[in-house]
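Please look through the structure below from one end of the chain to the other. The paragraphs after it go from the whole chain to single residues.

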Amino acid sequence: MSIDFGSLLTVEQKTALLEQRIQQFAAEGYQHTLNKQVAESKGDEALALSSQQSIDTLTAAIEAYQAELDSLTE
């Protein structure tokens, strides 16, 4: 049995959830951007790479969540 979790939420609930998560992802991305800057200034290539990978993941998440949000508000 598969549950359609989205059907259990109203459009307003989905919108609020998506907006909140996008803000959280943005805050995390900001932190990783600062971490990357520090790592690069210290020559820590491993940390800079790790931070960039996190930034890439958060970018993809924001794009996916934003696309879902856009589909709800069209």
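How many helices and how many strands are there in the chain? There are two helices and zero strands, where helices (H or I, at least four residues) and strands (E, at least two) are DSSP runs numbered from the N terminus. The radius of gyration of the chain, taken over C-alpha atoms, is 16 Å, well over the 11 Å that the globule rule gives for 74 residues, so the chain is more spread out than a compact globule. That rule is 2.2 Å times the number of residues to the power 0.38. Along its principal axes, the C-alpha trace spans about 50 × 30 × 15 Å.

The model is predicted: local features need pLDDT of at least 70 and side-chain atom pairs count only at pLDDT 80 or more, while totals for chains, interfaces and linings use all residues. Residues are numbered from 1 along each chain as its sequence is written, and side-chain values use heavy atoms, with hydrogens and water left out.

Of the 74 residues in the chain, 18% are buried. Buried means under 20% relative accessible area, exposed means over 50%, and partly exposed lies in between (1.4 Å probe, protein chains only). The accessible surface of the chain comes to about 5,500 Å², and 55% of this belongs to carbon and sulfur atoms; such areas come from the Shrake-Rupley method with a 1.4 Å probe. A contact means heavy atoms within 4.5 Å. Among contacts between residues at least 6 apart in sequence, 64% join residues at least 24 apart.

Leu58 is buried, with a relative accessible area of 10%. Leaving aside residues up to four places away in sequence, Leu58 touches Phe25, Glu28, Gly29 and His32. Glu28 lies in helix H1 and is partly exposed at 31% relative accessible area. Glu28 and Leu58 are 30 residues apart along the chain, and their C-alpha atoms are separated by 7.7 Å. For Leu58 and Gln24, 34 residues apart along the chain, the C-alpha separation is 9.7 Å.

Now the charges. Lys and Arg count as positive and Asp and Glu as negative, with His and the chain ends not counted. The chain has 4 positive and 12 negative charges, and their mean positions are 8 Å apart. Each charge is placed at NZ of Lys, CZ of Arg, CG of Asp or CD of Glu.

Side chains of opposite charge can pair when their charged atoms come close. A salt bridge is a side-chain nitrogen of Lys or Arg within 4 Å of a carboxyl oxygen of Asp or Glu. A search of the whole structure finds one. Which side chains meet in a salt bridge? They are those of Glu40 and Lys36, at 3.9 Å, N to O. Because the two are four residues apart in helix H1 (residues 11-42), they are separated by about one helical turn. Glu40 is partly exposed at 49% relative accessible area, and Lys36 is partly exposed at 21%.

Lys14 is also placed in helix H1. This residue is buried yet has no salt bridge, and the nearest side chain of opposite charge, Glu68, is 5.6 Å away. Not counting residues up to four places away in sequence, Lys14 touches Gly6, Leu9 and Leu72.

The segment before H1 holds Phe5, which is exposed at 58% relative accessible area. Phe5 and Tyr30 are 25 residues apart in sequence and 30 Å apart in space, C-alpha to C-alpha.
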